[in-house]
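Hi everyone, thanks for coming. I'd like to walk you through one model today, so please have a look at it with me.

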Amino acid sequence: MLKNQRWIITGANGYVGGELCKELRNRGGAVFAFARVGRDLTHLEERGISCYSYEDMPSILSGGDVFVHCAGKVGSEGAWDEFVSVNKDWTESLFRQGSEAGVSCFIYVSSVAVLGYKNRAENKVLDESSSPEPVEGERYGRSKWLAEQALRDCVRDAATRLVILRPGLIYGRRPFASSQTWLRRG
């Protein structure tokens, strides 16, 4: 299946997007990596991955593609409007663009932060059945939750299948990880 499948990956310059591009390419998929203008994607191009900026997307999308949206505004710095614009509005726009082009599946890489883990008891286990309890002032998780809600509204009128993933802590080579207190908390 992977050998004949076209994969559209946003956030290819990030850890998750970049690793996904490499793995899909290793498995024989046709990978189209997207990042903002000026981002260095030569490490992906050297592996035979087609790399583009977001402005090129309309000319690349075609029916049957699988679209994996890994890009977004992360962290805690920035205005609420920035988080909404990138994580909710842009995600909704990409889904609609993909749906109009006939992509078969849109996979949204959200976050466990939508569950509002900061306002729960430390001994409370979070799993697939946990309901979101967004934390006021926590812009990242709240904006990701808004994106999930917008996507659920969009998919009602679309033939495109929607998959929402909420990964927890992402492991990998991240030079800033040692300074993060959440990493020490587990």
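First, some housekeeping. This is a predicted model, so to speak of a local feature I need pLDDT of at least 70, and side-chain atom pairs count only at pLDDT 80 or more, while totals for chains, interfaces and linings use all residues. Residues are numbered from 1 along each chain as its sequence is written, and side-chain values use heavy atoms, with hydrogens and water left out.

Now the layout. The protein chain has six helices and six strands; helices here are DSSP runs of H or I with at least four residues, strands are runs of E with at least two, and both are numbered from the N terminus. Along the sequence, the pattern reads β-α-β-α-β-α-β-α-β-α-β-α. Of the 186 residues, 39% count as buried, meaning under 20% relative accessible area, with exposed being over 50% and partly exposed in between, using a 1.4 Å probe and protein chains only. Taking a contact as heavy atoms within 4.5 Å, residues 24 or more positions apart make up 62% of the contacts with a separation of 6 or more.

On to the strands. Strand 2, residues 30-35, pairs with strand 3 in the parallel sense over four bridges; DSSP must find at least two bridges for strands to pair. Phe32 has Ser50 of strand 3 as its bridge partner. Strand 3, residues 50-53, has Cys51 and Ser53 on its covered face, and Ser50 and Tyr52 on its uncovered one.

Which residues form the aromatic cluster? They are Phe32, Phe34, Tyr52, Tyr54 and Trp90. Rings of Phe, Tyr and Trp (its six-membered ring) pair if their centres lie within 6.5 Å, and the count comes to six aromatic pairs.

Two arginines also meet rings. Arg6 lies over the face of Phe32, 4.4 Å from the ring centre, and the charged end of Arg142 sits over the ring of Trp80, 4.1 Å from its centre. The rule asks for NZ of Lys or CZ of Arg within 6 Å of the ring centre and within 35 degrees of the ring normal.

Finally, the lysine. Lys22 belongs to helix 1, residues 15-26. Is Lys22 buried or exposed? Lys22 counts as buried because its relative accessible area is 17%. Leaving out residues up to four places away in sequence, Lys22 touches Leu44, Arg47 and Ile49.

Methods:
Rings of Phe, Tyr and Trp (its six-membered ring) pair if their centres lie within 6.5 Å; planes under 30 degrees apart count as stacked, over 60 as edge-to-face and the rest as tilted.
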